[in-house]
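Here are a few notes to read alongside the model. Have a look at the fold before going through them.

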Amino acid sequence: MSDVLTVTLGWTAPRNSTATGELGARQVGLMRRLACAALDQWGLQAVAEDLALVISELVTNALRHGGGCTSVCLAHGAAGTIHLEVRQKARCLPQVLPTSAEDESGRGLLIVSSLSDSWGVGESGDSVWCTLAPKAGATS
C-alpha cells in the first residue's frame with residue numbers, strides 16, 4: 001500500500017477480569033467507535049458500516065475463542081482500501097462454520113467473508129486480517 005496511514009487501537013482488560021460479558025461488550029463497542037472515528041478522519045465514511053460490523057465480529061471472536069483481544073490495527077492506502085488486523089492472545093485457526101437457520105451464533109466469519117474483499121489468518125495464528133475497499137460509486 002502506498003501512502004499508508006496506520007492507527008493501532010489498543011485496549012487492556014483490568015488485571016483481575018475476564019474479557020467476556022459486559023467488559024467484552026464494552027471493548028467491542030469501543031473498538032467500533034475508534035475505528036469509525038479513524039475512518040472519519042481519513043474521509044472514508046463509505047466503508048464505515050461494513051468495517052464496524054467486521055470489527056464487531058472479529059473482536060468478539062478474539063474474546064470468545066482467542067483468549068482476548070490484544071489490539072486492533074487499521075491501515076489505509078491512497079485508493080481508500082482499508083486493512084484491518086485483530087490480534088488475540090491465543091493462537092488458533094478460525095474457520096467458517098456450517099450453520100442452520102436455527103443457529104443463534106456461528107456466522108461471524110461468514111459475515112467477515114461476505115463484507116471483505118479478502119481475509120485470512122496471520123502467519124503466527126494470533127491474528128485475523130481482512131481488507132475492505134469502497135464499493136464502486138460509493139461516496140464518503
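1. A residue is called buried at under 20% relative accessible area, exposed at over 50% and partly exposed in between (1.4 Å probe, protein chains only). Helices (H or I, at least four residues) and strands (E, at least two) are DSSP runs, numbered from the N terminus. With 7 of its 8 residues buried, strand S2 (residues 69–76) is largely enclosed by the rest of the structure.

2. This is a predicted model, where local features need pLDDT of at least 70, side-chain atom pairs count only at pLDDT 80 or more, and totals for chains, interfaces and linings use all residues. Residues are numbered from 1 along each chain as its sequence is written, and side-chain values use heavy atoms, with hydrogens and water left out.

3. S2 runs antiparallel to strand S3 (residues 82–88), and 7 bridges join them; DSSP must find at least two bridges for two strands to pair. Look for Ser71, which stands opposite Arg87 in S3.

4. Now for helix H3 (residues 108–115): its buried residues are Gly108, Leu109, Val112 and Leu115. They cover an arc of only 130° around the axis, so they sit on the same side of H3 (the arc is taken from the directions from the helix axis to the C-beta atoms). These residues pack against helix H2 (48–65), strand S4 (118–121) and strand S5 (127–132), with contact meaning heavy atoms within 4.5 Å.

5. Glu57 is part of helix H2. Leaving aside neighbours within four places in sequence, Glu57 is in contact with Gly108, Ile111 and Val112.
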